[in-house]
Amino acid sequence: MRVVVDLSRCQGYAQCAFLAPDAFRMHGEEALMYAPNPDDAQREQVLRAAAACPLQAILVDRVDGPDTSVGTSPS
Ligand code: SF4
C-alpha cells in the first residue's frame, strides 16, 4: 500500500504515530517520519491513523502510478 503525508498540513499531533506506530513515527517534537510503502498487514492500522488525523494530512492509496493496487483496470 502507498502512503503519502502532506507534511505542509501535518501539525505533529502524533495521532497517527499513536495508532500506527509501525508506519508513523515522531522524530522529535513535531517532525513526522513515515513509511511510504507499509506492508499490507498494516493496512488497518494505517487507515485508522489516516481517519484519526485531525488535518486529513494522510493520504492512503491515492497516488497515481502504474502499480496502484486498488481500482479496476480498463478493458
Ligand atoms: S495525525 Fe496528522 S497531523 Fe498528526 S502527526 Fe499524523 S499526519 Fe501529522
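**Talking through a predicted model**

Tutor: Strand β2 (residues 24-27) pairs with β3 in the antiparallel sense, over 4 bridges. Keep in mind that we're looking at a predicted model.

Student: Let me zoom out. What pattern does the protein chain follow along the sequence?

Tutor: Start with the pieces: the chain has 2 helices and 4 strands. Read along the sequence, they give the pattern β-α-β-β-α-β.

Student: What about the inside? Which element gives the largest share of the largest nonpolar core?

Tutor: That core has 16 residues, and V5, F24, V46 and I58 touch the most other members. At least two residues each come from β1 (3-5), α1 (15-19), α2 (43-52) and β4 (58-60). The largest share is 3 residues, and they come from α2.

Student: I58 is on that list. Which residues is I58 in contact with, leaving aside its neighbours within four places in sequence?

Tutor: I58 sits in β4, which covers residues 58-60. Leaving aside neighbours within four places in sequence, the contacts of I58 are V3, V4, V5, C16, F24, A49, A50 and C53.

Student: Now Q42. Is Q42 buried or exposed?

Tutor: Q42 is found in the loop between β3 (31-34) and α2. Setting aside neighbours within four places in sequence, Q42 is in contact with M1, D22 and A23. Its relative accessibility is 17%, and the cut-off for buried is under 20%. Therefore Q42 counts as buried.

Student: Let's do charges. How many salt bridges does a search of the whole structure find?

Tutor: Take a couple of examples before the total. The side chains of R9 and D6 meet in one, at 3.7 Å from N to O, and R48 and E44 meet in another at 3.2 Å. The search of the whole structure finds 4.

Student: How far apart are the closest N and O atoms of D61 and R43?

Tutor: D61 forms a salt bridge with R43, with the closest N and O atoms 2.8 Å apart. This pair links distant parts of the chain, since D61 is in the segment after β4 and R43 is in helix α2, 18 residues apart. D61 is buried at 17% relative accessible area, while R43 is partly exposed at 26%. So the distance you asked for, between the closest N and O atoms, is 2.8 Å.

Student: Last one: is E44 buried or exposed?

Tutor: E44 and R48 both lie in helix α2, 4 residues apart, about one turn of the helix. R48 is partly exposed, with a relative accessible area of 48%. E44 has 55% relative accessibility, and the cut-off for exposed is over 50%, so E44 counts as exposed.

Notes
Residues are numbered from 1 along each chain as its sequence is written. This is a predicted model: local features need pLDDT of at least 70, side-chain atom pairs count only at pLDDT 80 or more; totals for chains, interfaces and linings use all residues. Side-chain values use heavy atoms; hydrogens and water are left out. A nonpolar core is a set of buried Ala, Val, Leu, Ile, Met, Phe, Trp, Tyr and Cys residues joined through side-chain atoms within 4.5 Å. Buried means under 20% relative accessible area, exposed over 50%, partly exposed in between (1.4 Å probe, protein chains only). Contact means heavy atoms within 4.5 Å. Two strands pair if DSSP finds at least two bridges between them.
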